[in-house]
Amino acid sequence: MRLSRRGLLAATAAAVALPAPAASAATAATAATATGGGRRTRTGFERLEADGYALLDGRRVGIVTNPTGVTRDVRHIVDVMHADPRVNLVAVFGPEHGFRGTAQAGGSEGRYDDPATGLPVYDTYLKSGKALADIFTASGVDTIVFDIQDAGARFYTYIWTLYDCMEAAQLAGKRFVVLDRPNPVTGRSAQGPVLHKEFATFVGRQPISQAHGMTVAELARLFNGEFLATPVALETVLMTGWKRSDFFDASGLPWVPPSPNMPTPDTALVYSGTCLFEGTNLSEGRGSTRPFELLGAEGIDGRWAAKAERLDLPGAHFREAYFAPTFSKFQGKTVGGLQIHVHDRTAYDPVRTGVALLVTAKKVWSGFAWRPDNWIDTLTGSTRVRTMIDAGATADEVVAAWQDELAAFRRVRKGYLVYR
């Protein structure tokens with residue numbers, strides 16, 4: 001893997017964070033209202049609003065967001081900003097699933113006027129480069145704000161909406177402001193294979209690891225410093241009260257499903273590993289009440305869960321399970337498989353677990369097959385996982401094969417981390 005590091009000073013200069021509140025009183029007030037651990041995470045939007053929207057003063061603002069762009073009391077920030085005379089909000093840009101979240105996987109809402117605010121809503125899904133820049137120009141905005149909750153995995157498309165919008169904003173000569181939110185599965189470390197450039201798609205534009213362990217503001221800084229041909233005029237509004245070791249429930253923030261098949265933070269915890277089953281003929285649990293935690297297919301019985309349990313994978317147990325998906329693979333049919341039960345989320349490694357489940361599924365079920373289009377290669381970022389498993393490699397051998405490129409990415413990533 002080749003990752004050229006531009007000067008970190010240049011990257012930092014292009015990404016200016018809103019200053020932290022003056023120590024004492026504001027910090028004490030935040031701590032006093034915290035729940036559980038004695039502190040409370042304040043999102044980028046909360047800090048922007050508390051500062052009187054100074055970053056947006058005199059600007060014609062467009063916002064890239066979806067149903068996760070909410071306040072602590074679950075009001076949508078578009079509704080809040082539209083009603084505030086201090087903000088000149090003139091457009092909304094919707095990603096996959098749409099601004100109001102009405103579309104399923106692989107869909108969007110198209111161009112329409114939002115009934116609640118009257119604002120024009122533009123569709124960004126699968127648009128990039130000049131085509132997206134032209135949309136920004138036509139909208140009449142001069143500043144584009146991004147506020148979407150991520151799930152922590154390379155193939156979750158919102159981070160590439162972020163990348164595409166940054167690139168298009170630069171082409172259109174627009175400012176770009178990222179409002180930060182927590183990585184729901186912590187920012188402790190990067191895990192998994194790194195994308196090879198020849199496998200770049202909308203589920204992975206650039207060579208980052210499968211579980212990146214970064215927030216969207218950190219990713220924006222990384223994209224600007226490493227991958228954009230010409231950096232955009234980027235500003236990031238950071239969180240306060242969030243630590244890299246925090247899971248989502250430590251934030252005190254409400255969870256709004258970022259997409260229809262990401263109903264809970266527990267889903268995000270396993271997603272960066274079990275989404276790999278999209279690349280097989282097994283159900284990844286879409287159409288069930290526990291997507292990405294339930295996996296299965298017709299003809300699988302309890303031997304798979306038993307074999308997975310004997311691996312003694314850190315942090316997880318595996319239960320024999322049966323379910324009938326209401327849509328997607330095996331719609332309306334009862335399938336057998338397993339459910340992942342994470343009992344120690346600190347020890348749990350989702351990517352290693354996902355690979356181990358692929359290896360064991362192939363061994364216990366004679367009907368196992370990769371999707372004919374080799375989607376697994378797109379998800380993992382190379383042919384390595386598929387070809388090694390087909391050749392009989394163990395999960396540990398597959399994981400060992402990507403360690404050098406992962407170490408190289410971690411070195412680059414380290415320069416863009418802004419939280420402890």
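The radius of gyration used here is taken over C-alpha atoms, and the globule rule is 2.2 Å times the number of residues to the power 0.38. For the protein chain in this predicted model, with its 420 residues, that rule gives a value near 22 Å for a compact globule; the chain has 21 Å, which agrees.

Along its principal axes, the C-alpha trace spans about 65 × 45 × 40 Å. The fold is built with 14 helices and 13 strands. Of the 420 residues, 58% count as buried. Turning to contacts between residues at least 6 apart in sequence, 73% of them join residues at least 24 apart.

Here are some whole-chain percentages side by side:

| Property of the protein chain | Value |
|---|---|
| Residues that count as buried | 58% of 420 residues |
| Contacts joining residues at least 24 apart, among those at least 6 apart in sequence | 73% of contacts |
| Accessible surface belonging to carbon and sulfur atoms | 53% of about 15900 Å² |

For a local view, have a look at strand β2, which covers residues 60-65. This strand is mostly covered, with five of its six residues buried. Its partner β3, at residues 88-94, pairs with β2 in the parallel sense over five bridges. Within this pairing, Val64 stands opposite Phe93 of β3.

Methods:
Residues are numbered from 1 along each chain as its sequence is written. This is a predicted model: local features need pLDDT of at least 70, side-chain atom pairs count only at pLDDT 80 or more; totals for chains, interfaces and linings use all residues. Side-chain values use heavy atoms; hydrogens and water are left out. Helices (H or I, at least four residues) and strands (E, at least two) are DSSP runs, numbered from the N terminus. Buried means under 20% relative accessible area, exposed over 50%, partly exposed in between (1.4 Å probe, protein chains only). Contact means heavy atoms within 4.5 Å. Accessible areas come from the Shrake-Rupley method with a 1.4 Å probe; for residues, only the protein chains shown count as cover. Two strands pair if DSSP finds at least two bridges between them.
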